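Here's a quick briefing to read alongside the coordinates. Have the viewer open and follow along.

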Amino acid sequence: MLQRLSFSLRSAYKNYFELVTVSALDREEKARYILTVRAADAGSPPLTTTQTFTVDISDVNDNAPVFNQTSYTMYVRENNAPTMLVGVVIAADADVGPNAKVTYSLVPTHPTEQPTCSCISVNSENGDVFVLQPLDYEQVRQIEVLVSASDAGSPPLSSNVTVYISVVDENDNAPLVLYPSQDSSPASSELVPISAEAGYLITKVVAVDADSGQNSWLSYHLLRATDPGLFVVGAQSGEVRLRRSVTERDAVKQKLVILLRDNGQPPLSATAALSALLLSDFSDVRLPQSSLTTEEEEGASLTIYLIISLVFVSLLFLVSTAAFVVHKVCKRKKLKDEHVLYGGNNLQSSLADAAAAGTLPHAYCYEISLTTGSGNSEFKFLKPILPSLPPQLHAAGGGTNNEQDFPSGPLTAEDMAQNNPRMLSAEQFNSLSFK
Ligand SMILES: [Ca+2]
Ligand SMILES: [Ca+2]
Ligand SMILES: [Ca+2]
Ligand SMILES: [Ca+2]
């Protein structure tokens, strides 16, 4: 059967005919034609014969790869494992052979830009899309990449598709308290008039959560309080209010700890510490606030100062006492030695006897020097006086019997004083006081 639209026979020469196409052929529409040519003569009755031809249409690369979606959206949970498969892109090519061999690649969104994200990879053979490194939803919420599918024809044809990779939030951030500030120490205090009624708004806890959705929805709960019955916390608003009226019996300073919890799975939480001062007069706010907030620290530091002072005073006393005792002992010992040497009255009489005898024993042959200007007449310097005696006296003191060099009579103290001006007479000596 002759394909009318596509083929026809054209007379070439006598009984020779050509099989020609009469319209464009599309291999992708019909790749093979079965043609039957019948030849008939003009006799009566005519005789005929038929011949079948098979026409295969060869392919040309006239079809670019086509993605099966106009765009792709893939999802990946944040904090994902490296090299995580998140989806696949598929492009088909109607051609055959190399003209239909599709490879995938990432292309920059704009020619001037760098590749969109080095954290995304596409398998060139099968179009698998991978996230190569962990993503943080709080940093990047969506990544947009352009994927190209190209055939191996000559020339190659290609087409692009946009792939959106959405990062799915995980509850990886705990609530962060903005107010009251938890950095300040001591915690800030809210002032509450003692006349406040139930429902009085004391403060409002303000917090944020870096996550999204349920992971950032916060609820507030009163965790601890000096008087839990005095306060109520709005679960959604974070408002801290008085549950009842303040009475005189309530403590001036009330401490509260508010628990903040997000709605994630599993939930994360934080606490906010605050204090409230129940005051009858706000004018004296500085006094109780400062004294209440620092009383503990002052008490601790005062104790340390007291201990240091006590230790210092004790040491000073001990050192002073030791120095005093040492000084006294030394002084007493010195005086005692001097008394032993010179023996008080014994020394005087011995010296007088010796002077009367005209000689001094060796043990007492010392020069006595008085310090001028000294209030007490104690001996200051003692040294042997023998070297200062005249040679004859020295010789007599030495025990030799050279009588000619000495006066015949007994040597008096006056004589000795005359012979040696540095010697004291007995009267002068006796006038000295030995103490
Ligand atoms: Ca193609
Ligand atoms: Ca084709
Ligand atoms: Ca998160
Ligand atoms: Ca959270």
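One open sheet here has three strands in the order E7-E11-E10, and the pairing is antiparallel. Its edges are strand E7 (84-88) and strand E10 (120-122), each of which pairs on one side only. From one strand to the next, the twist averages 25 degrees. Keep in mind that this is a predicted model.

**Inside that sheet**
- E7 pairs with strand E11 (residues 128-131) in the antiparallel sense, and four bridges link the two.
- If you want a residue pair to click on, Leu85 stands opposite Phe130 in E11.

**The chain as a whole**
- The protein chain comes with five helices and 24 strands.
- Of its 435 residues, 16% count as buried.
- Take the contacts in the protein chain with a separation of 6 or more: 63% of them come from residues 24 or more positions apart.

**The E3-E4 pair**
- E3 and strand E4 (residues 48-56) run antiparallel to each other and share nine bridges.
- Thr36 has Thr52 in E4 as its bridge partner.
- The loop between E3 and E4 holds Pro45, and the peptide bond from Ser44 to Pro45 is cis, with omega near -5 degrees.

**Another cis proline**
- Tyr179 and Pro180 are also joined by a cis peptide bond, with omega at about -5 degrees.
- Look for Pro180 in the loop between strand E14 (176-179) and strand E15 (189-193).

- Asn79 isn't a glycine, yet its phi is positive, at about 60 degrees.
- You'll find Asn79 in the loop between strand E6 (71-77) and E7.
- Asn79 counts as exposed because it has 12 C-beta neighbours inside 10 Å, and the cut-off for exposed is 12 or fewer.
- Thr83 is not a glycine either, and has a positive phi of about 55 degrees.
- Thr83 lies in the loop between E6 and E7.
- With 10 other C-beta atoms within 10 Å, Thr83 is exposed.

**The annotated segment**
- The unreviewed UniProt entry lists residues 302-326 as "transmembrane region".
- In the model, residues 302-326 are 100% helix and 0% strand.
- The end C-alpha atoms of that stretch are 36 Å apart.

How values were computed. Residues numbered from 1 in each chain as written. Chains lettered and ligands numbered in written order. Predicted model: local features only at pLDDT ≥ 70, side-chain atom pairs only at ≥ 80, totals over all residues. Pairing = 2+ DSSP bridges. Axes fitted to C-alpha atoms, helices over the stretch in contact; angles between N-to-C directions. Buried ≥ 20, exposed ≤ 12 C-beta atoms within 10 Å, placed from the backbone. Contact = placed C-beta atoms within 7 Å. UniProt positions renumbered as here; feature names shortened; annotations may be inferred.
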